[in-house]
Amino acid sequence: TPAWMKHAAEPPYRHGSAERCAVLLVNLGTPDEPTAPALRRYLAEFLGDPRVVEIPRLLWLPILHGVILRVRPARSAAKYASIWTPEGSPLAAWTAKQATLLRGYLGERGHPVAVRHAMRYGNPSVASQLDALRAEGATRVLVLPLYPQYSATTTASAFDAVYAWARRTRRLPELRFVNQYHDDPGYVLALARRIEDHWMVEGKPERLVLSFHGVPERTLREGDPYHCHCHKTARLLAERLSLPAEQVLVTFQSRFGKAKWLEPYTEPTLIQLAQQGIQRVDVACPGFTSDCLETLEEIDQEAREAFLGAGGSEFRYIPCLNDRHEWIAALASVAIAHMQGWPTKAADAAALQAQADRARRLGAPA
């Protein structure tokens, strides 16, 4: 049974229950361990999502299960093993920490709401975390993907998981969704501070490469705003850093398959820069809010090797936002803005609880 179909028994409805608000952070996902069987399960769920691979199922599924899942898991497991930590997957560890910190930051700003995190693919699943929030009495849930730039392949897929859970749930919480925050001032500030702190230690490069996750080019023609969101983030960040346009390059990584994806591609661009005589580059990945396989292995290992091998001298990878103060503060501001009108403040919660208690004593609905 797919993870999204597994639900805990719904708690019985009780009159006089107080309203409770919650935030669900959603990230892409990660295998449970760096082994071929774990990668096979993870990739089957990930690459089986029609939002991710938009090829007719009758054509794609035989290729996925007959070829890709026989070959790719072992290769991917070796890559994951190279970045695995004592806490497990870096993406899982950072995402869990972000949820814990966000709960604290919201509480300090007078919004003591519940915060949980989920993975679109893998564990903990979106359905399991929504079940947990419902069991805790959450009646309003803000779904906040950790993807600043909207894409149907990521953001919409996260929402799909919520809708799938909702279709099998009798008493739904009130749901709100954050589509994007690619141009949010707090997010852009967090990126700028991350880079500036790096430059204070390492100095500035000849070129700053901003590498975003790639998607097929046809998604742009079909109306997906992801390409535009990436370029707007890059432009705002360059302005914040006071960098001239010629010193900043936007590229796209993680191409999969033979179709044309958004260009320019990250690794060929780095090779070209080295061949042109550029000796030092810094690479940051603004679209990734947690360090993961795509940043730690694909950029800090593979792209580094490609640049140095083509004649470059210095390659600096600038880590993701992870648990930095400015980033969690920005995330809190985004959440608060989208929960406007909900009883998220401590005084609101206390008043609602008193109302619920009074209704329960009287035996009437709150």
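**Exercise 1. Strand β3 and its neighbours**

Which residue in β3 is the bridge partner of C21?

*Solution.* The model is predicted: local features need pLDDT of at least 70, side-chain atom pairs count only at pLDDT 80 or more, and totals for chains, interfaces and linings use all residues. Residues are numbered from 1 along each chain as its sequence is written, and side-chain values use heavy atoms, with hydrogens and water left out.

Step 1. The bridge partner of C21 in β3 is R140. Helices (H or I, at least four residues) and strands (E, at least two) are DSSP runs, numbered from the N terminus.

Step 2. Two strands pair if DSSP finds at least two bridges between them. Strand β1 (residues 21-30) is joined to β3 in the parallel sense by 6 bridges. With strand β4 (residues 174-177), β3 forms 4 bridges, again in the parallel sense. Within this second pairing, V143 stands opposite F177 in β4. Between β3 and β4 the chain passes through α5, and this β-α-β crossover is right-handed (with the strands pointing away from the viewer, the path from the first strand over the helix to the second runs clockwise).

Step 3. Buried means under 20% relative accessible area, exposed over 50%, and partly exposed in between, with a 1.4 Å probe and protein chains only. In β3 (residues 140-145), 6 of its 6 residues are buried. R140, L142 and L144 lie on one side and V141, V143 and P145 on the other, and both faces are covered.

**Exercise 2. The sheet and the helices packed on it**

State the strand order of the open sheet of 4 strands, and identify the strands touched by α5 and by α12.

*Solution.* Step 1. Strands of a sheet pair through backbone hydrogen bonds, either parallel or antiparallel. In this sheet the order is β2-β1-β3-β4, with parallel pairing. Because β2 (114-122) and β4 each have a single partner strand, they stand at the edges, and one side of each is left without a neighbour in the sheet.

Step 1. On average, neighbouring strands of this sheet are turned by 25° against each other, direction ignored. Axes are lines fitted to C-alpha atoms, for helices over the stretch in contact, and angles run from 0 to 180 degrees between N-to-C directions.

Step 2. Contact means heavy atoms within 4.5 Å. Helix α5 packs on the sheet and touches β1, β2, β3 and β4, its direction making about 105° with that of β2. Helix α12 also packs on the sheet; it touches β1, β3 and β4, and its direction makes about 140° with that of β3.

**Exercise 3. The packing of α3 and α12**

At what angle do α3 and α12 pack, and how far apart are their axes?

*Solution.* Step 1. Two packed helices are described by the angle between their axes and the distance between the axes. For α3 and α12 the angle is about 65°, and the axes are 9 Å apart.

Step 1. The crossing of α3 past α12 is right-handed. A crossing is left-handed if the near helix is turned anticlockwise from the far one by less than a right angle, and right-handed if clockwise.

Step 2. The residues of α3 that meet α12 are Q98, L101, L102, Y105 and L106; their counterparts in α12 include W327, L331 and I336.

**Exercise 4. Salt bridges**

How many salt bridges does the structure hold? Examine three of them.

*Solution.* Step 1. A salt bridge is a side-chain nitrogen of Lys or Arg within 4 Å of a carboxyl oxygen of Asp or Glu. The structure holds 21 salt bridges.

Step 1. R51 and D160 form one of them, at 2.7 Å from N to O. R51 lies in the loop between α1 (36-47) and α2, and D160 in helix α5 (residues 152-167), so this pair ties together parts that are 109 residues apart in sequence. R51 is partly exposed at 31% relative accessible area, and D160 is partly exposed at 23%.

Step 2. In a second bridge, the closest N and O atoms of D323 and K97 are 2.9 Å apart. D323 lies in the loop between β8 (314-318) and α12 (325-338) and K97 in helix α3 (residues 90-108), so the pair links parts that are 226 residues apart in sequence.

Step 3. R324 and E326 meet at 3.7 Å, N to O. R324 is buried because its relative accessible area is 17%; E326, at 18%, also counts as buried. Salt bridges that share partners join R193, D197, R324 and E326 into one network.
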